[in-house]
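Thanks for joining; let me put the model on the screen before I say anything about it.

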Amino acid sequence: MTERIAIIGAGPAGSATALGLERYSGIETIMFERYSMPRRKACGSGLSPWTLKLLDRMGVGRKVRKQAYPIDGARIAGKDGEGVELRGEHETAILLRRDFDHLLAREAASRGVELRDGVRVKNVVRDDPPGPDTRGAVRGIRTGTDEIEVDGVVDCSGANGTFSRADRPGRTLHTLMGWYEGVQDASDVVEVFFDASVKPHYGWIFPETDKRVNIGICCSADADGPNVRERYEQFLDRRLRDRLKGADQLDRLVGHPVKTSYWATDLVQNGTIAAGEAGHLADMATAEGIYHALLSGWTAADVMGPILERGERPTPSRLAPYTGRVRQKLGMRLAGGRALMESLRTPMMDMLLQFRSSPPARALLTKAFAGLYHG
Ligand SMILES: Cc1cc2nc3c(=O)[nH]c(=O)nc-3n(C[C@H](O)[C@H](O)[C@H](O)COP(=O)(O)OP(=O)(O)OC[C@H]3O[C@@H](n4cnc5c(N)ncnc54)[C@H](O)[C@@H]3O)c2cc1C
């Protein structure tokens with residue numbers, strides 16, 4: 001008997017689930033992606049040291065490094081001024097998400113996963129509910145044209161996904177970004193500006209090649225304040241106007257929400273698991289989410305895979321260990337994101353940057369931003 005599983009979405013969470021499931025036998029995996037691959041994704045495309053290590057464990061680290069742009073340092077600036085340049089011993093890299101996601105999805109397909117791109121999943125089809133507060137077992141998924149029988153579903157449909165909606169403790173961040181060539185003084189370091197226009201979040205310049213950078217902001221929604229586009233303009237005006245003289249904007253600006261939380265919860269229903277941003281598993285302060293998506297997808301495969309391999313139904317009680325494992329692996333990071341965000345509301349960062357030449361302040365900055373640079 002072959003059990004069939006549907007993955008909704010071919011972002012990092014979807015492909016990590018797909019790659020993870022290939023380690024189990026007797027499972028047919030179909031990964032649905034609403035857009036044709038390669039597709040665009042608004043993202044800084046920064047791969048932190050822990051992301052690269054996880055990609056190694058998944059057997060794709062070498063291929064990713066071959067395409068990625070290595071980062072050699074980070075410049076961290078506060079509400080004004082040049083900030084501080086940090087170097088360290090970590091490895092980080094940037095790989096345009098269009099290419100990164102395509103690489104992972106292709107890798108999953110080459111290992112036996114069926115990729116159906118250009119196909120949007122409309123609903124998860126269930127048996128009648130056994131009780132008023134419980135969901136029926138998963139029978140299949142419905143696309144615009146077909147109903148396909150499946151035994152389990154991993155929801156990797158990202159921040160805009162609707163299959164695993166729940167009230168989770170955290171917030172939605174707003175972003176806007178664009179791609180540019182010819183930005184003055186851009187190099188192989190990432191630049192992060194804790195500017196007043198986006199406080200307590202930040203604006204960034206991430207180099208993708210020796211010519212092209214992406215520039216963006218992430219911020220919280222504030223009903224009375226300027227909207228995201230106004231904040232983006234303010235950020236460029238305040239920090240980058242001179243450096244953008246003579247630069248070309250390569251495409252239109254794009255925005256996308258980032259669903260974050262500080263406590264992983266409501267990730268499992270009868271027959272389904274949510275991974276990545278479908279479960280709001282991104283960092284509240286930094287909006288880092290690729291690692292969280294890969295790790296939760298890989299973990300989803302490790303929970304769903306053995307259940308289906310044994311030919312059992314993925315009931316809520318069998319799937320329940322997933323939430324605990326995600327908390328164990330990501331809980332400290334998610335809680336740390338909340339703590340960092342609270343501290344960024346205070347003048348602490350600017351004070352640290354003022355004392356940047358003192359060894360303790362520098363050591364603290366070096367530790368806090370370890371995810372951003374490579375020495
Ligand atoms: C501007 C911006 C900058 C960021 N920068 C960084 C960064 O530098 N580093 C970092 O680590 N993180 C960053 N993030 C966060 C990161 O992009 C996300 O956390 C990550 O992409 C989440 O991965 P995912 O697989 O859960 O979802 P996604 O990558 O969003 O993938 C979900 C996929 O599901 C598909 N889908 C949705 N609904 C359906 C459906 N019904 N049927 C079929 N397919 C469907 C979508 O088309 C999409 O391809 C950034 C986010 C933004 C918005």
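I will go through the core and then the shell around the ligand.

Please keep in mind that this is a predicted model, in which local features need pLDDT of at least 70, side-chain atom pairs count only at pLDDT 80 or more, and totals for chains, interfaces and linings use all residues. Residues are numbered from 1 along each chain as its sequence is written.

The largest nonpolar core has 102 residues, and those touching the most other members are Ile5, Ile7, Val154, Ile273 and Ala275; such a core is a set of buried Ala, Val, Leu, Ile, Met, Phe, Trp, Tyr and Cys residues joined through C-beta atoms within 7 Å, where buried means that 20 or more other C-beta atoms, placed from the backbone, lie within 10 Å of the residue's own. Helix α6, residues 290-309, gives the most to this core, with 11 residues, helices being DSSP runs of H or I with at least four residues, and strands runs of E with at least two, numbered from the N terminus. Because domain 1 (3-42 + 98-167 + 260-340) and domain 2 (46-95 + 172-259 + 345-375) both give residues to this core, it lies between them, with the bounds taken from an automatic or database domain assignment.

Turning to the ligand, 39 residues surround it, the closest being Gly9, Gly11, Gly158, Gly276 and Gly289, where a residue counts if its C-beta atom, placed from the backbone, lies within 6 Å. The elements giving two or more residues to this shell are α1 (12-21), β2 (27-33), β13 (172-181) and α6. Domain 1 and domain 2 each supply at least three residues to the shell.

Methods. A residue is buried if 20 or more other C-beta atoms lie within 10 Å of its own, exposed if 12 or fewer, and partly exposed in between; C-beta atoms are placed from the backbone.
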